[in-house]
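Reader: I have the structure open and would like to go through it. Can we take the helices, then the sheets?

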Amino acid sequence: MTEHKSDLLTSLFARGYIHQVTDAAGLDALASEQVIPAYVGFDATASSLHVGNLVSVMLLRRLQQAGHKPIVLMGGGTTKVGDPSGKDEIRKLLDDDGIAANIASIRRIFERFLTFGDGPTDAILVNNADWLDKLEYIPFLRDVGRHFTINRMLTFDSVKLRLDREQPLTFLEFNYMILQAYDFLELSRRSKCRLQMGGSDQWGNIVNGVELTRRIDSEEVFGVTTPLITKADGSKMGKSVNGAIWLHEDQLSHYEYWQFWRNTDDRDVGRFLRLFTDLPLDEITRLEGLEGAGINEAKKILADEATALCRGRAAAEEAAETARRTFEEGGAGDALPTFVVEGGSITIVDALVNLGFCASKGEARRLIKGGGARVDNEKVDDEAQLLTISAPVRVSAGKKHHGILTPGS
């Protein structure tokens with residue numbers, strides 16, 4: 001393994017964050033000599049980020065831990081355009097008020113992972129609407145657009161994949177990569193930013209920004225991408241049978257967030273401990289070497305540490321205690337997802353849907369038919385079963401998903 005001069009690259013490589021680097025030796029040398037302001041961009045398409053965004057959030061955390069300055073770039077401007085990367089369809093566009101509300105909500109997530117302030121290594125949050133909204137179209141095309149060729153833009157995956165699938169790609173979306181490259185140029189000028197980081201699907205956009213900044217300002221800047229984070233079974237990180245794993249507690253309970261990490265495949269435990277916790281590497285090596293019941297303890301530690309980072313230590317302890325009571329004692333647990341039943345009764349199908357265990361009634365019926373639904377630990381065979389709710393009732397979908405039905409007022 002190559003030895004690096006800087007704490008930054010030593011940490012990023014050791015923990016598995018690096019997929020591609022535009023100039024690893026140059027970045028390593030710079031990081032060993034000075035504080036590097038570096039950014040990751042996040043579009044404000046929802047009020048919360050999800051676990052699929054978490055590796056980028058942790059990148060900024062590692063950067064700050066290594067003595068450098070994180071820049072959280074919120075795409076207040078680019079959200080109005082829509083990133084075509086990995087998308088088959090045109091994304092619904094939000095108005096200014098919706099975007100502003102999402103940015104305010106997402107900032108709360110970053111405040112848990114980063115230290116914000118005015119110091120040399122304190123994080124800052126900026127909004128690219130501050131400069132993109134002020135651009136004049138013709139001067140922008142003349143000064144920036146001339147550095148991009150259609151020939152090359154058509155080779156990038158974000159464009160090529162859409163065209164190969166014969167899915168429409170609007171001219172609005174086609175401009176996204178130019179605007180993202182321009183963000184790097186602006187941040188270089190405004191904040192002396194020298195590094196852009198992002199997922200592997202952003203490599204083309206990042207390289208564009210590196211080249212644009214060099215051509216226009218003759219400034220040396222760098223790019224880093226992370227590998228696509230998939231689970232051992234090949235499925236995409238950040239999704240569960242019930243949908244996205246949201247980082248905000250108002251969209252996903254502490255218990256469900258904890259349980260997502262607790263359900264990690266044995267083969268992923270060491271990798272996820274490196275990426276998503278602050279545990280020392282030697283302790284992670286010990287934990288991933290455990291077998292049998294020991295690996296389950298390692299999974300609980302992963303769940304505790306990942307949840308504590310995102311939700312706070314008290315939330316992690318609450319979720320762990322709920323899990324212990326649910327699985328070891330057969331109790332209900334206070335932090336399980338709940339649904340208030342008005343009117344005194346509900347069908348088992350509606351209960352499964354309203355607790356979020358099934359996306360549709362058809363899916364709920366298939367779960368019941370397959371023997372996966374239980375009420376107070378008793379298997380349900382009849383999809384038409386009516387549940388009378390005069391006291392809290394526990395409903396389970398499979399072995400790992402549990403919720404509580406409570407009576408209305």
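Author: Start with helices H13 and H14, whose crossing is right-handed. Keep in mind that this is a predicted model.

Reader: Which residues make the contact between H13 and H14?

Author: On the H13 side they are Gly270, Leu273 and Arg274. H14 contributes Leu281, Ile284, Thr285, Leu287 and Glu288. By class, this contact has four nonpolar, two polar and two charged residues.

Reader: And at what angle do H13 and H14 pack?

Author: About 160°, with the axes 9 Å apart. H13 covers residues 269–276 and H14 covers residues 281–288. Angles over 145 degrees count as roughly antiparallel, so H13 is roughly antiparallel to H14.

Reader: Next pair. How do H12 and H15 pack?

Author: Helix H12 (residues 254–262) meets helix H15 (residues 293–311) at an angle of about 140°, and their axes are 8 Å apart. That angle makes H12 oblique to H15. The crossing of these two is right-handed.

Reader: What does H12 put into that contact?

Author: His254, Tyr257, Trp258, Trp261 and Arg262. Their counterparts in H15 include Asn296, Lys299, Leu302, Asp304 and Arg311. Sorted by class, the H12 and H15 contact holds seven nonpolar, three polar and five charged residues.

Reader: On to the sheets. What is the strand order in the six-stranded one?

Author: The order is E1-E6-E5-E2-E3-E4, in an open sheet with mixed pairing. Strands E1 (20–21) and E4 (124–127) are at the edges; each has a single partner strand, so one side of each has no neighbour in the sheet.

Reader: In which sense do E2 and E5 pair?

Author: Parallel, over two bridges, between residues 37–42 of E2 and residues 195–199 of E5. Tyr39 has Gln196 in E5 as its bridge partner.

Reader: How many bridges join E14 to E15?

Author: Five, and the two strands run antiparallel. E14 spans residues 393–397 and E15 spans residues 401–407. Arg394 stands opposite Ile404 in E15.

Reader: Different topic. How many salt bridges does the structure hold?

Author: It holds 21. One of the pairs is Lys80 with Asp96, whose closest N and O atoms are 3.3 Å apart.

Reader: Where in the chain do Lys80 and Asp96 sit?

Author: Lys80 is in the loop between strand E3 (69–74) and helix H4 (96–113), and Asp96 is in helix H4. The two are 16 residues apart, and the pair links distant parts of the chain.

Conventions. Residues numbered from 1 in each chain as written. Predicted model: local features only at pLDDT ≥ 70, side-chain atom pairs only at ≥ 80, totals over all residues. Heavy atoms only, no water. Pairing = 2+ DSSP bridges. Helix = DSSP H or I, 4+ residues; strand = E, 2+ residues; numbered from the N terminus. Axes fitted to C-alpha atoms, helices over the stretch in contact; angles between N-to-C directions. Parallel < 35°, antiparallel > 145°, perpendicular 65-115°, else oblique. Left-handed = near helix turned anticlockwise from the far one by under 90°. Contact = heavy atoms within 4.5 Å. Nonpolar A, V, L, I, M, F, W, Y, C, P; charged D, E, K, R; others polar. Salt bridge = Lys/Arg side-chain N within 4 Å of Asp/Glu carboxyl O.
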